[in-house]
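Subject: Structure for you to look at

Hello,

Here is the structure I said I would pass on. Please open it and keep it beside you while you read my notes below.

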Amino acid sequence: MTLIVGASAAGLACAEALRRKGYTGPLTVLGAEEHLPYDRPPLSKQVLSGAWEPARTQLRSAEALAALDATFVLGDPAVHLDVAERAVHTASDRVLQAENIVLATGLRPRTLPGQPTLRTLDDALALRAELQKCSRAVVVGDGVLGAEIAATARQLGVPVTLAGPQQAPMALQLGLPVAGLLAELHSSHGVELRLGAAVTGVEPDGVLLETGEVLPADLTVVAFGSAPATDWLRDSGLALDNGIVCDSRCRAAEGIYAAGDVARWHHETLGTPVRLENRTNATEQGIAVAANILGADQPYTPVPYFWTDQFDAKIHVHGFVGPDVSVVEGSLADRRFVARFHRDGELTGVLGWNMPKQARQHRQELVSPRCPATAATSAPGAA
Amino acid sequence: MKITVDQNKCCGAGTCVLLAPDVFDQRDEDGIVVLLDAEPPAELHPLVREAASVCPAAAIAVTS
């Protein structure tokens, strides 16, 4: 029996890959939420805007899930892991024992008491209802999620202020020159940017900044980061340090693996522990874990990748931004370009702004033979 | 095997093209998926299934 704790992208990908690669044993997927696996990136965009019905976020059709021949135990959070017994205890007192356990419990958003955030489908629907009746929203958090929520809210016609400590939205993920363009994009669509000052609290009439200024709001949305959902593992004996600490095979202990946002594993190519909070990693790491469960003994060495859609901009980043940036295709003025990032003369990342295909083509140069896609196909266990 | 793609779900990541360039491509202007071969030969089926599973927008569906 294989038990996957977490019924989102990483857990589903692992389950599918196990079957694809020939695993015929019993397979159980345990999920904290009531929902069948659904996709999270659309929550802050298509679901929040109302463009999609919630059902459209379902990751697989009923037929595809049935073909998976897995037991889904939903609405029952894991509360304890017994490493020696390889057993997971749940909130409803189930005990699930397995030869191999995959931990894919994702993230818990950091919150402010009483203020909405956005992590789950239910959160997105609740936030949509709040946005529709508010007169001014302040989004606290200038990362990917905060910037996406601000953009979507603005497109719904809501007056929006985006607050956070960075000089420009997503400065950490995009580097300052490109983040500056994103700031311009938000401003041009009427988002009030109030950046460069940390938020210290929420008052009845708005959001308090460290400067003493209060940003007026009747809705405060919290999007200032999240933490790996490892609270339930505190007494397990597993090493926890900004995620579940794993070896290069994504193994936390004998027969226990981790995948997705919650996993911090040793990335052999980079030579350092890495934890990635992005959609593609959830899937690729789930697949890598499935291969290793089946004996592939392959290190997981992905090229990180994420994308974001805000207003008319589709931004794709492969690898990491670095200090030196050069535009190699298109132009900043046209808002359509590919930028390459270097550190000490070495290519570290590629960014496309409304040029996804071209950015992906440049990605090839970042890719060693051990990139996720090619590694997945060349792994001994691959179907 | 019959493949369908949902261009409205596609996010333009291009992971399908990395895996199966004979089956998938991307539009030059916006990176959205283009299906080159909806019924590819059997030797490509494992890669296509992998591409459908790895697609970060769940925009590829495969029926056998």
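What is the strand order of the open sheet of three strands in chain A? The order is 17-20-21, and the pairing is mixed. Strands here are DSSP runs of E with at least two residues, numbered from the N terminus, and two strands pair if DSSP finds at least two bridges between them. Strand 17 and strand 21 (272–274) of chain A are the edge strands; each has a single partner strand, so one side of each has no neighbour in the sheet. On average, neighbouring strands of this sheet are turned by 25° against each other, direction ignored (axes are lines fitted to C-alpha atoms).

This is a predicted model: local features need pLDDT of at least 70 and side-chain atom pairs count only at pLDDT 80 or more, while totals for chains, interfaces and linings use all residues. Residues are numbered from 1 along each chain as its sequence is written, chains are lettered from A and ligands numbered from 1 in the order in which they are written, and side-chain values use heavy atoms, without hydrogens and water.

Strand 20 (residues 263–267) of chain A pairs with strand 21 of chain A in the antiparallel sense, over three bridges. A:H267 stands opposite A:T272 in strand 21 of chain A.

The loop between strand 16 (226–228) and strand 17 (244–246) of chain A holds A:S236. A:S236 counts as buried because its relative accessibility is 10% (buried means under 20% relative accessible area, with a 1.4 Å probe and protein chains only). Leaving out residues up to four places away in sequence, A:S236 touches A:L81 and A:V83 (contact means heavy atoms within 4.5 Å).

Regards

Technical notes
Helix = DSSP H or I, 4+ residues; strand = E, 2+ residues; numbered from the N terminus. Buried < 20%, exposed > 50% of the residue type's maximum accessible area, 1.4 Å probe, protein only. Axes fitted to C-alpha atoms, helices over the stretch in contact; angles between N-to-C directions.
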